[in-house]
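Subject: Structure for you to look at

Dear colleague,

I am passing on the structure we spoke about, and below it I have set out what I found when going through it. Please read the notes with the structure open beside them.

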Amino acid sequence: MASSTQSTTISLESYGRDNTARPRRDAPSTSAASNTDNVLLTSQAADSTVPDGGYGWAVVFGCSALTFWFVGTTYSWGIIQAALISQKLSSPSTLSFVGSLTAACISALALVNARVIRLLGARNTALLGICFLALGEILSGFSTHNIGGLFVTAGVIMGVGTSLCFMVVSVTPAQYFNKKRGLANGIVYAGGGLGGTIISLVMNSVIEKVGPAWTFRILGLATLGTGLPAAWLIKERSPIRSATFVEWRLFRDFKFIVLFIAGAVATFPLFVPPFFLPLYNNSLGLSSSAGAGLVAGFNFSSAVGRLICGFGADFIGPLNTLFISLLLSAASMLVIWPVSNSLGPLVAFVIINGAANGGFFATMPTVVGAVFGSARVSVAMGMIVTGWAGGYLMGAPIAGYLLEAYGGEHSTLMAYHPAMFYAGSMALGASGLVGLVRLYIDRRVFTKL
């Protein structure tokens, strides 16, 4: 974002509590880095003028309502996936590919959507996104017996809507908040966790009564009826006029490169738990309503985690918060999930992993603005999100292929272990990369960063 009044950031320089300490490594000597510092200075000047509230709370509410639908629907895919598997539409790996394609569009279209926001404005982009999302859901109701059609409707059309909404909610609230930016982002993304909680419970009940086809149609109509008024609330403080499409010089910044890779790795395990919890629930011999309850619990924990991470970003710093959330996600998948042979341990896994999972989405926009400057948050966020395409598209399907290779969902619980260890290892690797960036900037463990 090029305007000096349109977004907020928390300067890394202000995070240090001891101004005489060793200088942080955020000002390399190259000319490109000098330009980077100029952007940071511009961002800091803009941050001093933001209201830290005002109409920004209406924008936060509108963005939160959007995430209720596009995040909540994505994280509830496992419910409808289990129903489609039961009617023999396709295999778990193929159907998880459909759900993953929806999320992959966020990355594939990130740079394009950043330009769309600059051309149409945040409000019109949000309205367009909701229309695509609802249209894809309604058309999916006519594709529940055709896997190819479902790839187009639930995968591509819903994916376009999801990607447009995601970019709007990632860059717009930052224009209104400085000291409370972490909290604002936490509230926005908590809407997605709340949406996943409600949608998963309602979806399971509706599927039992009217089947998957009408469930899709009802979901689309509800999205349209509530999403359009929410999208109308969203507007920028000032137009986004940046002409930069890709800021290639960022790839000469060590911090950007490592965060880019960390985000790319972290997205591989994100959808494995919500997509496969219903199947794992069935393998435990529990009812479908119990599976829906687990997914709802996962999403509710995600909502709480997003709020906690929003507070954490303001209190201990966004990089510290991101590192902790990824580490907890890894530990839950490597230690707790493999020994969840009954409902009790599985509930503990759902609570911990759900909270940590939500922290990634709530914290990443704050990290990008803090490290690279709010004046370029739309461009930098678009570039980083583009790197998530592989994880979004292949993360859950890889888990599905591993499950099939080791016996499938009708085998023993041990068949799930390779998928669990794969997902946990990816989360652990991502946490290590974030920790590397954090130590590169400042090696003092208890510094707010």
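Is G129 buried or exposed? Please keep in mind throughout that this is a predicted model. G129 has a relative accessible area of 0% and is therefore buried; its place is in helix 6, which covers residues 122–140. Although G129 and C165 are separated by 36 residues in sequence, their C-alpha atoms are 5.3 Å apart in space.

Helix 7, which runs over residues 147–171, has 25 residues, and the distance from its first C-alpha to its last is 34 Å, close to the 36 Å expected at 1.5 Å a residue. That span goes together with a bend of about 35° at G159. At the start of helix 7, a side-chain oxygen of N146 comes to within 3.0 Å of the backbone nitrogen of G148. Because 18 of its 25 residues are buried, helix 7 is largely enclosed by the rest of the structure.

Helix 15 has 17 residues and reaches 24 Å between its first and last C-alpha atoms, close to the 24 Å expected at 1.5 Å a residue. Both G395 and P397 belong to the buried residues of helix 15, which also include G391, Y392, A396, A399, G400 and L403.

Since 10 of the 12 residues of helix 10 are buried, it is largely enclosed by the rest of the structure. Among those buried residues are the prolines P273, P274 and P278, together with F275, F276 and Y280. Just after helix 10, G285 takes a positive phi of about 85°.

How do helix 8 and helix 11 lie relative to each other, and at what angle do their axes cross? The axes of helix 8 (residues 181–232) and helix 11 (residues 288–315) come within 6 Å and cross at roughly 175°, and the two helices are therefore roughly antiparallel to each other. The residues of this contact divide into 14 nonpolar, 13 polar and four charged. S200, found in helix 8, counts as buried because its relative accessibility is 0%. A polar atom of the S200 side chain lies 3.4 Å from the backbone nitrogen of A296.

Two further residues deserve a look, and they differ in their surroundings. Most residues other than glycine have a negative phi. K88, however, has a positive phi of about 65° although it is not a glycine. K88 is found in the loop between helix 3 (77–86) and helix 4 (92–108), and at 70% relative accessibility it counts as exposed. S93, by contrast, is found in helix 4 and counts as buried, since its relative accessibility is 2%. The side chain of S93 makes a polar contact with the side chain of S91, at 3.2 Å.

With best wishes

Note on methods: Residues numbered from 1 in each chain as written. Predicted model: local features only at pLDDT ≥ 70, side-chain atom pairs only at ≥ 80, totals over all residues. Heavy atoms only, no water. Helix = DSSP H or I, 4+ residues; strand = E, 2+ residues; numbered from the N terminus. Expected span 1.5 Å × (residues − 1). Bend = angle between axes of the 7 residues up to and from the residue. Buried < 20%, exposed > 50% of the residue type's maximum accessible area, 1.4 Å probe, protein only. Polar contact = N/O pair within 3.5 Å; in protein donor to acceptor, adjacent residues only side chain to side chain. Axes fitted to C-alpha atoms, helices over the stretch in contact; angles between N-to-C directions. Parallel < 35°, antiparallel > 145°, perpendicular 65-115°, else oblique. Nonpolar A, V, L, I, M, F, W, Y, C, P; charged D, E, K, R; others polar.
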